[in-house]
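Colleague: I have a chain open on my screen and would like to go through it with you. Could we begin with the terms and then turn to the details?

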Amino acid sequence: MGAADRDTGQRGHTAPRHVWVNVTRNPVHRSPGVLLDWRRCPDGRWEALVAWAEGGGNIRPRAHLEWVRREHVSPAG
């Protein structure tokens with residue numbers, strides 16, 4: 001069973017769920033997101049399709065929908 005199968009508990013598509021997304025190396029910059037799907041790349045690593053928003057306050061908000069490396073996504077709860 002692959003890494004994404006262990007995380008989702010199923011094969012194929014996953015049900016949307018709340019996650020933390022951090023595409024930087026700074027742990028302060030994590031953003032709440034929604035995990036939509038998983039895919040395995042030709043090199044064997046996993047990527048997650050996630051939607052997340054960043055910004056607010058003094059920073060103009062931006063929304064993202066992207067495939068990101070598995071290590072950039074962590075469970076929210």
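Modeller: First, a definition for what follows: strands are DSSP runs of E with at least two residues, numbered from the N terminus. Please keep in mind that this is a predicted model.

Colleague: How many residues lie between the strands in the hairpin of S3 and S4?

Modeller: Two residues separate the strands of that hairpin, and Gly-57 has a positive phi near 65 degrees there. S3 and S4, the latter covering residues 59-69, are antiparallel and share nine bridges. Within S4, His-64 is the residue opposite Trp-52.

Colleague: And how many bridges join S2 to S3?

Modeller: Seven bridges connect S2 and S3, again in an antiparallel arrangement. These two strands also form a hairpin, with five residues between them. In its turn, Gly-44 has a positive phi of about 95 degrees. Asp-37 faces Leu-49 of S3.

Colleague: Changing topic: which residues make up the largest nonpolar core?

Modeller: There are ten: Val-19, Val-21, Leu-35, Trp-38, Trp-46, Ala-48, Val-50, Trp-52, Val-68 and Val-73. S3 contributes the most, namely four residues. As a general matter, nonpolar side chains in soluble globular proteins tend to be buried together.

Colleague: Take Val-50, then. What does Val-50 touch?

Modeller: Leaving aside residues up to four places away in sequence, Val-50 touches Val-19, Val-21, Val-34, Leu-35, His-64, Leu-65, Glu-66, Val-68 and Val-73.

Colleague: I also noticed Glu-47. Is Glu-47 buried or exposed?

Modeller: Glu-47, which lies in strand S3, has a relative accessible area of 9%, so Glu-47 counts as buried, the cut-off being under 20%.

Colleague: Which side chains make a polar contact with the side chain of Glu-47?

Modeller: The side chain of Arg-39 makes one at 2.7 Å, and that of Arg-45 makes another at 2.9 Å. Beyond four places in sequence, the residues touching Glu-47 include Asp-37, Trp-38, Trp-67 and Val-68.

Colleague: Finally, what share of the residues of the protein chain count as buried?

Modeller: The figure is 31% of the 77 residues. The accessible surface of the protein chain is about 5400 Å², with 52% belonging to carbon and sulfur atoms.

Technical notes. Residues numbered from 1 in each chain as written. Predicted model: local features only at pLDDT ≥ 70, side-chain atom pairs only at ≥ 80, totals over all residues. Heavy atoms only, no water. Core = buried A, V, L, I, M, F, W, Y, C linked by side-chain atoms within 4.5 Å. Buried < 20%, exposed > 50% of the residue type's maximum accessible area, 1.4 Å probe, protein only. Contact = heavy atoms within 4.5 Å. Polar contact = N/O pair within 3.5 Å; in protein donor to acceptor, adjacent residues only side chain to side chain. Pairing = 2+ DSSP bridges. Areas by Shrake-Rupley, 256 points an atom, 1.4 Å probe, with all protein chains shown as cover.
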